[in-house]
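Here is a report on a protein chain for a student meeting one up close. Take a look at the sequence and the structure before reading on.

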Amino acid sequence: MSDTSRFLAGIALIILASTGVKGAEADSIFRQLNDEWPGPTEQRLASGAPGPEYWQQRADYRIHVTLDEHRNRISGEETITYHNNSPHALDYLWMQVENQIFDPQSLSRRSETAPRLDGMSFEAFRNYQAEQGFDGSVSLSDFEDEDGNPLNFTRVDTNVRIDLPEPLESGDSMTFSLKWDMPINDATRVRARTGFEYFDGDGNAIYEMAHWYPRMVAYTDYTGWQHKSFLGRGEFTLEFGDFDVSITVPSDHVVAATGVLQNADEVLSAKHLARLEEARDSDTPVFIITEEEARQNQEEADESMLTWNFYGENVRDFAWASSRKFIWDAMGIESGGNEVLAMSFYPPEAEPLWSRYSTHAVAHTIDVYSKFTFDYPYPVAISVNGPVGGMEYPMICFNGPRGMEDGTYFGSPKSAGEWRFSKYGLISVIIHEVGHNYFPMIVNSDERRWTWMDEGLNTFLQYLAEQEWEDEYPSRRGEPEAIVSYMTSSPQVPIMTHSDLIHQFGSNAYAKPATALNVLRESVLGRDLFDFAFRQYSRRWMFKRPEPYDLFRTMEDASGVDLDWFWNGWFYSTDHCDIAITDVDYMQVSTQDPVIEKELQRQKEDEMEPTLSASRNKSLPKRTDRFPDLEDFYNDFDPLAVTPEDRETYSKMLEDLSTEEKDLLKIDDHFYAVKLENLGGLVSPVTLRVVDDRGDESEYRIPAEVWRRNARTVSIPLQTQRPLQQFIVDPYRESPDSDRENNYFPRQLEPQRFELKTSSLPKNPMQKAREAREQEKKKKSGEGAEASSADGQE
């Protein structure tokens, strides 16, 4: 019988190490979450799938916007057709105007806390002053229904309520229009998801426009109107629709946008159109606009205007970018049966990184993400370089990293400063932002409420895509050991926390859920089960709006595994992982044969090191040496000698045993009880590696259910044919264990390196004054020499 088979056969013998379960919290960790989750409905089934009565609203937009690059403003007018697919009559509609966050009287501005000014850098202080001085208020006007009748509206921070003359009944739709105007922020100073970047060298700018138009607030089955004010963290909750958008810009600008360009023959030259067609059939990037052409284009501004028209079908949002500085490259890719044009737009300053990596990263993202979710359904995918560090919208994203002025760049960034000029910073942010097309642009989660549902899932898939880019790709997030410092830190809140209430935002909403899903895939479900269940969730909720419970239920429904303990620990608690081997009990079956057992006892005693006192007492003169008569029977008695009585007792015992019981006495295996303590509180599966006396290794994968009766301490039974010498928990670092030294038994120290530094005294004031006098003398001496030289020349 193999070690593994013996372990599986003996798993039922697990011994709970504590005397009871009081305080062990197993009942709460392994409790079922159905009572805490919203109950299943015909809109959202207990399986995690959308139900037969699932509904969601829809809003179609026709927009015309004009860019004024001299005033850095945009103005526009839009017509919205709103479809009430809910079972409810609506007395009013809500719109959101997120750029109103830049109003000095916005809730976001008025609720800001004081920054730490002491030690602030010049750049940070400059930006702080710019933010305080920028008034980005949005002007709204001319709300009218389709017959031209005015509609009353009320502004409430970043939202607008439109009062209807009569209720909008279930199944009906209405069309209305409005106008708006707003300034554009300098995104290099007033940091945001939108804005412009001005280039002093050539006097041009890149405009990246996001949440730039008033749009409908989502109305849902779980919260009604999702009209929580935009405070800056919780992003966007939006409805799907079709967008017909006309963008009027200076005629020498190049525009990238959500959707498909409808009037290419009006805005592009025949040469550029031909290159674009060539790119569709190319598996490497083709320049539509070369660097040389971009540099020529940016030399002198054209004051005339030109309108670019884009159509985005079944998207939840629309973003665009415009500049006369853009280089443009593209390549064709396939996703399932869908033809997709992967494209990049970037200024000459972004080279040499962008032409080499950007479009390839776009294509790679679609390849990998589609494998784990669904085929990419849109016709284009665009990456734009500009002032926004990283932000996502349907079919288009903004990505900040670029090369340095001298053409060099960093490899793997070690700081935020290096990230802006690094190869892997660029590749990673493009993968991440293009990946957002899947979550939340298609799987349309409520970002205003749950940041992690798109950022966490996307960061997880980003990690998978990075690992398929090249060997040993330096991923920042995904590996369990990368999250240890956060999981042991404070302050901290559970993942299941409202977006605007999160502490340590990036770690909580991006890194921890991504790590959790990686652990779920690698250590709990295994890749096959996880990939099937995750793909099922993704496809169930394409172009729909899932809640967290739909994800949790689908993963359990499709995998067939109860995961409530996992959601409890990773998503509903702030427990960390620290599983220690505290002790190991070692036993063998006694043969009960006195010849064998007493000889083993004698060997054990002979091998035992004498105590210090016994060693020193050995040479002391003894009284029995002086008086031998004091010795009697017991001085020569050997308690380990086998007696006739011992033999007779053993024989009688054997007579009373069955053949099977006699065979059990002959088992020469080694039995261990490995005592584990869950010091961090986070329940996890356990991988246990053991090393025997010959150096051979065996591994046991113990499911998390081992903790179900006591979540703090358990003993793991092992039965092996050879004696074991070392025990190691989590040898593959598949959990974010905070203390790896206690993963070994016997303990194994992990050596640390320390550095020696030279010691020196700072210069005292007298030394500094002396140096200053000497420098002044040299300066005067040099000036005198120059004057003499000048006199001689005259």
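**Ground rules**

This is a predicted model, in which local features need pLDDT of at least 70, side-chain atom pairs count only at pLDDT 80 or more, and totals for chains, interfaces and linings use all residues. Residues are numbered from 1 along each chain as its sequence is written, and side-chain values use heavy atoms, with hydrogens and water left out.

Helices (H or I, at least four residues) and strands (E, at least two) are DSSP runs, numbered from the N terminus. Buried means under 20% relative accessible area, exposed means over 50%, and partly exposed lies in between (1.4 Å probe, protein chains only).

**Outside and inside**

Start with Ser485. This residue sits in helix H12, which covers residues 484-487. Is Ser485 buried or exposed? Ser485 counts as exposed because its relative accessible area is 57%. Glu146 lies 339 residues from Ser485 in sequence, and the two C-alpha atoms are 57 Å apart in space.

Now turn to helix H16, residues 564-571. This helix is mostly covered, with eight of its eight residues buried. Among them are Asp564, Asn568 and Gly569. The buried residues of H16 also include Trp565, Phe566, Trp567, Trp570 and Phe571.

Thr79 belongs to strand E2 (residues 73-83). Its relative accessible area is 18%, so Thr79 is buried. What does Thr79 touch, leaving aside neighbours within four places in sequence? Its contacts (heavy atoms within 4.5 Å) are Asp60, Tyr61, Arg62, Thr175, Phe176 and Ser177.

Arg540 lies in helix H14, residues 527-540. Arg540 counts as buried because its relative accessibility is 17%. Two polar contacts involve its side chain. A polar contact is a pair of N or O atoms within 3.5 Å; within protein, one must be able to donate a hydrogen and the other to accept it, and residues adjacent in sequence count only if both atoms are side-chain atoms. The side chains of Arg540 and Thr554 are joined at 3.0 Å. The side chains of Arg540 and Asp557 are joined at 2.8 Å. Setting aside residues up to four places away in sequence, Arg540 touches Thr554 and Asp557, along with Ser47, Gly48, Ala49 and Pro50.

**Salt bridges**

A salt bridge is a side-chain nitrogen of Lys or Arg within 4 Å of a carboxyl oxygen of Asp or Glu. How many salt bridges does the structure hold? There are 45. Three of them are listed here.

| Glu239 | Arg545 | 3.3 Å |

Take Glu293 and Arg275 next. Both residues are buried.

Asp730 is buried because its relative accessible area is 5%. Arg740 has 16% relative accessibility, so this residue counts as buried too.

Return to Glu239 and Arg545. Glu239 counts as buried because its relative accessibility is 3%. Arg545 is buried because its relative accessible area is 2%.

Salt bridges can also join up. Glu98, Arg215, Asp317 and Arg448 are linked in a network of them.

**Aromatic rings**

Rings of Phe, Tyr and Trp (its six-membered ring) pair if their centres lie within 6.5 Å; planes under 30 degrees apart count as stacked, over 60 as edge-to-face and the rest as tilted. By this rule the count comes to 52 aromatic pairs. Tyr378 and Phe543 make an edge-to-face pair, because their ring centres are 6.3 Å apart and their planes stand at 80°. The two residues are 165 residues apart, with Tyr378 in the loop between helix H8 (353-372) and strand E21 (380-385), and Phe543 in the loop between H14 and H15. Tyr378 is buried because its relative accessibility is 4%.

Ring pairs also build a cluster. Its members include Phe30, Trp37, Trp452, Tyr549, Phe552 and Tyr572.

The rule asks for NZ of Lys or CZ of Arg within 6 Å of the ring centre and within 35 degrees of the ring normal. The charged end of Arg215 sits over the ring of Tyr213, at 5.5 Å from its centre. The charged end of Arg689 sits over the ring of Tyr732, at 5.2 Å from its centre.
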